[in-house]
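This report describes a predicted model. Please look over the sequence and structure shown below before reading on.

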Amino acid sequence: MKLVVLISLFTCFTMSSQYKYEREFRLNVEEVPISAVQFLKQFQFKKKVKWYGEESQDGKTFEAKTYYNAKKYSLEFDAKGKILDVEIKVRVNSLNKPDQEMIKKELQKVFSKYKIKKLQLQFSGKELLSRIKTFETKGNYSTCFFELVVSGKIGKERKLFEILMNSKGEIVKKLEFKILNSDNLEF
Amino acid sequence: MRSIFIFFFVLFVGKITSQTNFSAGVLPKVVTSFKMSPKIKWVNSIESREFFYDKEFELTHSLVDVSTIFSLKTEMNNKLNFGFIFRFKDGEVEYRSLQHYNIIHSLEQFQMGHRFAFEQFYDDVINLRGRYRFTIQRALNGDKIDVFEWYLKLSNEYLWQFNDENLEIRLAPNLGYRLSKRNKIEFGVEYRAADFVRELNKNQLWMRCTMYISL
């Protein structure tokens, strides 16, 4: 009996943790750790930078959003202002053909039908700045992860997912979005 | 830019108040929804209509609409709604049935809703009405509407009376607040221009306050 309860609790926990939870709120630059603001100066962004606080299943973080070379940049920092990752929004057809094929093949393994709603290149780890510069100048993104928002059909139901895929095409994270209540758009 | 806005605003106010059939009032409404299964929701609402101007300034009660609707999720973002509206007016009850097809799009910073509706009014004859409403909303803080955050909502609706062959247009800007995970409140105005085809001779301006409660 105890085993059944334990298994049920574990199942409930793992099921609920598969959902993407995120709360985002606007911040003034004065409310952001100074090390994050200083890190951002290295990029010399010309467009306005908007700062946000974010609460998600990964904890509390800070996020800077701006545009550079006509691409949307999101830079995420931990609570102390240390850089976690840089995400750059790109179009799927801007990727190399083999990468497009790899993503397609991997998504076909998971979904019977799917549509990619959003794709971001996620840079993290060492030599972040130089790797992003290489991407901007030479288009080389070989060391990054792919973060995808996918509307996909599993069984008979279509759902929305956030998928993190490494450069080899392995899915390292898959979170389901909770569909927002849209009563006020319908009634 | 500001002078253009003031010019059109003065023109608009002058135009509607110069019409003989101008009226104004308040439309308080409560919408409750109850999830019966992952795909079916039961939605009930009550809306009162109170005039404070109808040819002269006077507070008068007009009617109460009570609706009951079953909402069936057909796809991730698509819903089919079927229901009835009971209108309590001057001691009598008018009946109306409705069918909606809703499409909701969630973009990065905006949510958009398309509502295609068909209604039947049961009187001596059955009057038919078709309507289409486009709604767009966005958070005022961040990309998503989180709890304790304000948002802006704008909707534009076109209603066609098949029997009378007449068009009505509605425009409604709203300011909303997400009170909790499940509940929202909205304040706004709604401008209605009716009898559009014959001549623009019926204008209404409503102050709206709507509470959405998800049980």
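How many strands make up the closed barrel of chain B, and in what order do they run?

## The barrel of chain B

In this predicted model, chain B holds a closed barrel of eleven strands, which runs S1-S2-S3-S4-S5-S6-S7-S8-S9-S10-S11 and has mixed pairing. From one strand to the next, the twist averages 20 degrees. Strand S10(B) is joined by twelve bridges to strand S11 of chain B, residues 202–214, and the two run antiparallel; within this pairing, Val189(B) stands opposite Met207(B) in S11(B).

Strand S10 of chain B spans residues 183–194 and includes Asn183(B). The side chain of Asn183(B) reaches the backbone nitrogen of Ser214(B) at a distance of 3.3 Å. Leaving aside residues up to four places away in sequence, Asn183(B) touches Tyr177(B), Arg178(B), Met211(B), Tyr212(B), Ile213(B) and Ser214(B).

## Salt bridges within chain B

Side chains of opposite charge can pair when their charged atoms come close. Over all chains, the structure holds 20 salt bridges. One of them joins Arg131(B) to Glu157(B), with the closest N and O atoms 2.7 Å apart. This pair links distant parts of the chain, since Arg131(B) lies in strand S7 (residues 126–139) of chain B and Glu157(B) in strand S8 (residues 150–161) of chain B, 26 residues apart. Arg131(B) and Glu157(B) are both buried.

A salt bridge also brings together the side chains of Arg170(B) and Glu168(B), at 2.8 Å from N to O, and both of these residues are buried. Glu190(B) and Arg192(B) form another, in which the closest N and O atoms are 2.5 Å apart. Why do Glu190(B) and Arg192(B) count as buried? Glu190(B) counts as buried because its relative accessible area is 8%, under the limit of 20%, and Arg192(B) likewise because its relative accessible area is 4%. Elsewhere, salt bridges that share partners join Arg96(B), Arg115(B), Glu119(B), Arg129(B), Arg131(B) and Glu157(B) into one network.

## The sheet of chain A

Chain A contains an open sheet of ten strands in the order S1-S10-S9-S8-S7-S6-S5-S4-S3-S2, again with mixed pairing. Its edge strands are strand S1 (19–20) and strand S2 (22–27) of chain A, each of which pairs on one side only. Six bridges join S2(A) to strand S3 of chain A, residues 50–56, in an antiparallel arrangement, and here Phe25(A) stands opposite Gly53(A) in S3(A).

Helix H3 of chain A, formed by residues 97–110, lies across strand S7 (113–123), strand S8 (145–154), strand S9 (157–165) and strand S10 (171–177) of chain A, and runs at about 40 degrees to S8(A).

## The interface between the chains

How many residues does each chain bring to the contact? The contact takes 37 residues from chain B and 24 residues from chain A. Between them, chain B and chain A bury about 2,700 Å², of which 45% is on carbon and sulfur atoms. On the side of chain B, the residues that lose the most area to chain A are Met76(B), Glu108(B) and Lys144(B), which together account for 22% of what that side buries.

Four salt bridges are counted between chain B and chain A. A salt bridge between Glu75(B) and Arg158(A) has its closest N and O atoms 4.0 Å apart. Across the interface of chain B and chain A, 19 residue pairs are in polar contact, with both residues at pLDDT 80 or more.

Technical notes: Residues are numbered from 1 along each chain as its sequence is written. Chains are lettered from A and ligands numbered from 1 in the order in which they are written. This is a predicted model: local features need pLDDT of at least 70, side-chain atom pairs count only at pLDDT 80 or more; totals for chains, interfaces and linings use all residues. Side-chain values use heavy atoms; hydrogens and water are left out. Helices (H or I, at least four residues) and strands (E, at least two) are DSSP runs, numbered from the N terminus. A polar contact is a pair of N or O atoms within 3.5 Å; within protein, one must be able to donate a hydrogen and the other to accept it, and residues adjacent in sequence count only if both atoms are side-chain atoms. Contact means heavy atoms within 4.5 Å. Buried means under 20% relative accessible area, exposed over 50%, partly exposed in between (1.4 Å probe, protein chains only). Two strands pair if DSSP finds at least two bridges between them. Axes are lines fitted to C-alpha atoms, for helices over the stretch in contact, and angles run from 0 to 180 degrees between N-to-C directions. Buried area is the accessible area (1.4 Å probe) that two parts lose on being put together, summed over both.
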